[in-house]
Amino acid sequence: MAWQVLHIEADCAKVFFMHEHAMKRRILICALLFSTGASLAGNLYHWVDSNGIEHYSDQPPPPSVKDVEQKKLTVSVIEGSPTYQLQQAVKNFPVTLFANDCGAGCTRARELLNKRGVPFTEKNPIQPENADELKNIVGDLVVPVLVLGKTQPLRGFDESSWNNALNVAGYPSAPVPGAPAGSRTPKPQPSEAPAPTPAPESKPY
């Protein structure tokens with residue numbers, strides 16, 4: 001009976017040692033990945049020495065080591081990063097601003113988009129083709145109008161409503177380093193198209 005108990009204890013100790021060894025191995029790999037910068041280009045070497053001990057390093061092993069595994073760590077874009085978030089927002093909800101020199105409403109609309117670093121295309125309805133597009137979207141000529149992809153357009157500038165719409169679309173609340181700033185189209189030349197009407201600013205209730 002005592003022999004069986006000792007045998008079981010020995011087996012348990014062996015299993016525990018194996019799990020502990022595997023855990024240490026995983027921790028070591030993670031530590032090396034972080035220390036060498038897994039998002040940067042580089043090499044990771046794995047080998048077993050003459051004593052049966054495994055090694056993981058970003059430095060090449062000694063020349064005497066024969067069987068060496070070498071893994072290439074390549075540059076990758078991490079999902080969830082601000083740059084990725086902005087790219088997805090631009091892809092799914094491209095921003096178009098219909099505006100002209102309508103006064104405070106159009107000025108504040110541009111300032112909000114630029115403040116958040118939102119890439120956008122500005123269209124002035126004084127051009128006939130832009131006027132027709134705006135009529136198809138909101139039914140009449142009114143500025144400013146914010147269009148986020150295929151969602152319901154926002155008529156008239158209201159900072160709270162515009163911020164909420166941009167948040168839902170996934171746009172970061174502040175400019176992303178290295179990302180292009182808000183884009184502006186050149187001011188068009190005057191034409192025969194009727195002048196858009198400034199939309200009244202929304203009042204909080």
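Tutor: Gladly! Buried means under 20% relative accessible area, exposed over 50%, and partly exposed in between (1.4 Å probe, protein chains only). Helices (H or I, at least four residues) and strands (E, at least two) are DSSP runs, numbered from the N terminus. This is a predicted model, where local features need pLDDT of at least 70, side-chain atom pairs count only at pLDDT 80 or more, and totals for chains, interfaces and linings use all residues. Residues are numbered from 1 along each chain as its sequence is written, and side-chain values use heavy atoms, leaving out hydrogens and water.

Student: Which residues of helix H4 (residues 128-138) are called buried?

Tutor: Asn-130, Ala-131, Leu-134 and Val-138 are the buried residues of H4, so each has under 20% relative accessible area.

Student: What makes them line one face of the helix?

Tutor: Seen down the axis of H4, they fall within an arc of 100 degrees, so they line one face. That arc is taken from the directions from the helix axis to the C-beta atoms. Their cover includes S4 and strand S5 (120-123).

Student: What makes a set of residues a nonpolar core?

Tutor: Its members are buried Ala, Val, Leu, Ile, Met, Phe, Trp, Tyr and Cys residues joined through side-chain atoms within 4.5 Å. The largest one here has 29 residues, of which Val-95, Leu-113 and Tyr-171 touch the most other members.

How values were computed:
Contact = heavy atoms within 4.5 Å.
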